[in-house]
Amino acid sequence: MPELPEVEALAEFLRERAVGRAVLGVDVVAFQALKTVDPPVSALGGVTVTGVSRHGKFLDIDCDGVHFITHLARGGWLRWREDLTGAKPVRPGKGPLAVRVRLSPGDDGQAPGFELTEAGTQKRLAVYVVRDPAEVPGIAGLGPDPLAEEFTPEVLKRIVDGNRTQIKGLLRDQKVIAGIGNAYSDEVLHVAKMSPFKIAASLTDEQIAGLHEAIVTTLRDAVGRARGLAAKDLKAEKKSGLRVHGRTGEKCDVCGDTIREVSFADSSLQYCPTCQTGGKPLADRRMSRLLK
């Protein structure tokens, strides 16, 4: 799933390529992806892209006051096309293509654009056309952005105080902190040397300060690695930069211990026992249920 660093990189990528171009048309292939009806998608036709920004994991393309906003969900991605002049008309079907946005040609005569695609059977990619980003429920309910200056250790302390949620789940809750998903929550907790099952309310002031530092540095480093890359290269960059997430069975770069996994119904987390849990493996709850 694209998380804050990848969406930030996509926003920067589109700022360089899409801003200043007019929208020639938006072709919706997967109709279930479009979550709004007013204004209609056709309202984007002929309007110039004036800015691109990010709200948590939402990508916001501002077309002179009409916002084309997408959430890529777990299996979605944005593919930039240098020239869509000869692209075949899109038709609803079973393929991965969900939406195609065609932009005006440049001096070279090429008419670029981008396509939103979604792999897998769980079709959760969402597109909104709104006048105000706050009209999107997921954006209206977002917590603070962890890369904003306003996100201080004091803000994090107010978030965790009295909260009985496990810290892994808290970091992933978009209403609490915007933009962190399954992968980067694993990475943050590894840097912070903290168990994913630790109860948020039990954190000391020192641990809160350390967690805040881990959140900010982990995300900034990831954004820095992604900066300047083409959209097609961002997935590979994310995977190569992860130290624990998705690396079950490999050795921890910090201590050399074996990275372990805890599996859930539709996801899993990875961690290092030596770095995070005092050397004790966490119970894999899925396996525990199977053994009962």
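The model is predicted.

**Exercise 1.** Work out which elements line the second largest pocket, and which of them gives the most.

*Solution.* 
- Step 1. List the lining: Y184, E187, H190, V191, T217, T218, D221, A222, R225, G241, L242 and R243.
- Step 2. Assign elements. Two or more residues come from α5, and likewise from α6 (205-226).
- Step 3. α6 gives the most, with five residues.
- Step 4. Sort by class. The lining has four nonpolar, four polar and four charged residues.

**Exercise 2.** Describe the largest pocket by volume, lining and class.

*Solution.* 
- Step 1. Take the volume: about 850 Å³.
- Step 2. Take the lining: 32 residues, with M1, P2, E3, R74 and N182 nearest the centre.
- Step 3. Find the elements. β5 (76-81), α5 (182-191) and α7 (234-241) each supply at least two lining residues. The largest share, four residues, is from α7.
- Step 4. Sort by class: 10 nonpolar, 11 polar and 11 charged.

**Exercise 3.** Decide whether R100 is buried or exposed, then describe its surroundings.

*Solution.* 
- Step 1. R100 sits in strand β6 (residues 97-103).
- Step 2. Apply the cut-off. Buried means under 20% relative accessible area. R100 has 9%, so R100 is buried.
- Step 3. Collect contacts beyond four places in sequence. R100 touches G25, V26, D27, L84, A87, K88, V90, F114 and E115.
- Step 4. One of its polar atoms lies 2.8 Å from the backbone oxygen of K88.

Technical notes
Residues numbered from 1 in each chain as written. Predicted model: local features only at pLDDT ≥ 70, side-chain atom pairs only at ≥ 80, totals over all residues. Heavy atoms only, no water. Buried < 20%, exposed > 50% of the residue type's maximum accessible area, 1.4 Å probe, protein only. Polar contact = N/O pair within 3.5 Å; in protein donor to acceptor, adjacent residues only side chain to side chain. Contact = heavy atoms within 4.5 Å. 1 Å grid on protein atoms, 1.4 Å probe; cavity = no way out; pocket = protein on both sides within 12 Å on 5 of 7 lines; lining within 4 Å. Points joined across faces, edges and corners; volume = space filled by probe spheres on them. Nonpolar A, V, L, I, M, F, W, Y, C, P; charged D, E, K, R; others polar.
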